[in-house]
Amino acid sequence: MSEDIRSGAGRLGRLGQAALGAAREGMHVFPLQPRSKLPAVRDWERAATPDPEQIAAWFSARPYNVAIACGPSALVVVDLDDGHGETAPEPWTGARHGREVLAQVAAAAGESVPRTRSVSTPTGGLHLYFRAPVGVELRNTAGTALGWRVDTRAHGGYVVAAESVRDAGYYRVADRAPIAELPGWIADALTPPPAPRAAEVTSAVVEMRGGRARAYVAAIVEREAAGVAAAGEGTRHRTLLAAARTLGRLVGGDALDEATARGALLAAAAGYVGHGGYTAAQVARDIDDGLAYGMRLPRRIDAGGAR
């Protein structure tokens, strides 16, 4: 930090100093409109910076709130919202807020939620800060990957930083512990299935006689269903999506009936419901998403040379 910035730090006020403090920890910050969660700069993810001179220029102008861009900061922030008296859906019946839901997800995976830097929100929520895993670009989620009232912010997302203020109150540091690495059981739940290989992008054709073709397709369905049924906690979302994509390709190539594919996947994933944050609605949604994706990359099984 330059001498001019040090000497003028007092003029930045509490919010500007909070922004500089976050930047000293390597976080990329940017201003939000005063008493708001709305960005005060265009293209906030590009504008976010740890540069103290730019931060000083912003926060000496107005009492902006402070935001942290999660992707550039290599952070994943788990946002645990309060239930505000609402009744939690199954399998979270009885949970009062996202903290209890995350604890249930952790217990189902045989783990616990590690201590890490945390910030309380003015509406009763809690932000848990984690170091993002290397080599995996996680994106934002909203109540589906981990459970009711549990959202995440990563690439493409930001969080309001401590010391910011809204009409409802302040964001405050709840725990100054060092920022922990993202636990594997959370990373698994948030990791999207792998993109199709280049060789899969074009329509594939497998030629064989009618009887062999039916047996071949049946074997694929059986294999994918078995993989779904055997998937462990923390890998189920990714496994179900990948299996649905595989069967969706066969549906798109008219080698498999969509109802058959859907029925096989629903039966295989029946054991997911009520465990590790999964609901029947999420199972159905994962199957719908995977089948739709796969159908755009049709794989044809040519029985006896007929097209």
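**Exercise 1. The largest nonpolar core**

Identify which residues of the largest nonpolar core touch the most other members, and find which element gives the most to this core.

*Solution.* Of the 33 residues in the largest nonpolar core, those touching the most other members are Phe30, Phe59, Ile68 and Tyr129. Such a core is a set of buried Ala, Val, Leu, Ile, Met, Phe, Trp, Tyr and Cys residues joined through side-chain atoms within 4.5 Å, where buried means under 20% relative accessible area, exposed over 50%, and partly exposed in between (1.4 Å probe, protein chains only). At least two residues of this core come from each of α2 (9-24), β1, α4, β2, β3 (75-80) and β8, and α2 gives the most, with 6 residues. A second, separate core has 26 residues, including Ala95 and Leu138. In soluble globular proteins, nonpolar side chains tend to be buried together.

The structure is a predicted model, in which local features need pLDDT of at least 70 and side-chain atom pairs count only at pLDDT 80 or more, while totals for chains, interfaces and linings use all residues. Residues are numbered from 1 along each chain as its sequence is written, and side-chain values use heavy atoms, with hydrogens and water left out.

**Exercise 2. A sheet and its neighbouring helix**

Work out in what order the 3 strands of the open sheet lie, and which of them are the edge strands.

*Solution.* The order is β1-β2-β8, with antiparallel pairing; strands (E, at least two residues) and helices (H or I, at least four) are DSSP runs, numbered from the N terminus. Two strands pair if DSSP finds at least two bridges between them, and β1 (29-32) and β8 (158-160) are the edge strands, since each pairs on one side only. Between β1 and β2 (residues 65-69) there are 4 bridges, and Leu32 has Asn65 in β2 as its bridge partner. Helix α4 (residues 52-59) lies across β1 and β2.

**Exercise 3. One face of a helix**

Explain why the buried residues of α10 line one face of the helix.

*Solution.* Begin with the buried residues of α10 (residues 258-268), which are Ala261, Leu265 and Ala268. Seen down the helix axis, the buried residues fall within an arc of 65°, so they line one face of α10; the arc is that of the directions from the axis to the C-beta atoms. An α-helix has 3.6 residues a turn, so residues three or four places apart point the same way. Finally, the face turned away from the buried side of α10 carries the exposed residues Ala259 and Ala267.

Key: Contact = heavy atoms within 4.5 Å. Axes fitted to C-alpha atoms, helices over the stretch in contact; angles between N-to-C directions.
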